[in-house]
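Hi everyone, thanks for making time today. I'd like to walk you through one model and the contacts inside it, so please have a look at the structure first.

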Amino acid sequence: MTNNDEPGAAPGSLKEAEQAREQSHLDLAHASLAAMRERTTAALDQARRDASQTKNRDDAAAIEYALMARLENLADSRAALCFGRINELGVGGRPGDQWHIGRRHVEGPDGEPVVLDWRVPVAVPFYRATWADSQGLALRRRLAVENKVVAGLFDEDFSDPDGADEGGGVPDPLLAELERSRSGEMRDIVATIQAEQDVIIRAGLNELVVVQGGPGTGKTAVGLHRAAFLLYEHRKDLERQGLLVVGPNELFLRYIGQVLPSLGERSVTQVTVEKVHGLTIVRATEDAAVARLKGDRRIAVVIRNAVIGSITEVTDDQVIPNNFAIVTLPADAVNTMIKSVLQRDLPTNDAREVLRAQMMALC
């Protein structure tokens, strides 16, 4: 960290020069994002013209839908497009790579990265580097951005051994976030995710994560950012299967409703508990014997038998849409696959995925 009247500030004109450089890069990022929207709009217009001339309307509709979704995700926002920078340690005295971190990927005309999405592996040190473990960084810079203007910056120079004593304070952007006026909607915390929060957010897809803490400690925000991370990391699977966010009531859903869209994720269903599959919640008290029975391991066998017993042969050909077309599978072929999977005696959820994979392989 560099010394001056304020912790984390660069001396006088040097700080102003660095702030001007960051403003120039932020301007480039917004211009590049606008160019990405223009290219996508042009591709969408061309796809619509081609659709009127092609015989395969299903393919044309799929391409048009994908381009419309991309255009929606490229929408501009008042939230900071770029909020930080990391400089990696170089080899042999040479400077290391430098990356700007932001809420979405932005690329230049030749495909070069202008801003990296906060969810990419390269961005992990931005959130987890400490003076004890710099995670391979020479410098971490946090940017305070207001209405597309760089209002301040805060540097942590991990290559300066004397800087460790000065690096224990709260970064300026985090203070600014804490001091911002509250509104009726939850804001994302993507620029100020703390190391322990990042570990939870980036946990594996198959890990069951329980986040505990007192009121106002960021449990909900961490959960929503984990959803955004999983959609990025496993997009192919989760966009097909869907991702469900369940809240206690409509007021809660309205409060959190803009967090995921602000992170570029719109393929999420957010519902209250009562609306999950149209269930009606009935609160009742059961006697101890019934409660013990429902918690017994034998109930798993009962449920499995009920699931297996509900499987019947299909009588009609199955129509399956994929990303590019609509495919019809003969009923006989589907029934043969069902019998084959059932004979393997797999757990029902695993059997369902095996059957899905076999059917998609024929599409």
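**Loops, rings and salt bridges**

Let me start with K148, which sits in the loop between β5 and β6; helices (H or I, at least four residues) and strands (E, at least two) are DSSP runs, numbered from the N terminus. A word on the ground rules: this is a predicted model, where local features need pLDDT of at least 70 and side-chain atom pairs count only at pLDDT 80 or more, while totals for chains, interfaces and linings use all residues. Residues are numbered from 1 along each chain as its sequence is written, and side-chain values use heavy atoms, with hydrogens and water left out.

Back to K148: its phi is positive, about 70 degrees, although it is not a glycine. Most residues other than glycine have a negative phi. At 36% relative accessibility K148 is partly exposed; buried means under 20% relative accessible area, exposed over 50%, and partly exposed in between, with a 1.4 Å probe and protein chains only. Q135, in the loop between α3 and β5, also has a positive phi, of about 55 degrees, and it is partly exposed at 33%.

Now the rings. How many aromatic pairs does a search of the whole structure find? It finds three, where rings of Phe, Tyr and Trp (its six-membered ring) pair if their centres lie within 6.5 Å, and planes under 30 degrees apart count as stacked, over 60 as edge-to-face and the rest as tilted. F83 and F126 have ring centres 5.9 Å apart and planes at 50 degrees, so that pair is tilted. F83 belongs to strand β1 and F126 to helix α3, so the pair ties together parts 43 residues apart in sequence. Both of these phenylalanines are buried. F126 also meets Y127, with centres 5.1 Å apart and planes at 85 degrees, so this pair is edge-to-face.

Finally, the charges. The whole structure holds 21 salt bridges, meaning a side-chain nitrogen of Lys or Arg within 4 Å of a carboxyl oxygen of Asp or Glu. E265 meets R119 in one of them, at 2.7 Å, N to O. E265 is in the loop between α9 and β8 and R119 in the loop between β4 and α3, so the contact ties together parts 146 residues apart in sequence. E265 is buried at 2%, and R119 is buried at 4%. E265 also forms a salt bridge with R235 (2.7 Å, N to O), and R235 is partly exposed at 28%. Elsewhere, E18, R21, E22, R85, R141 and D155 are linked in a salt-bridge network.
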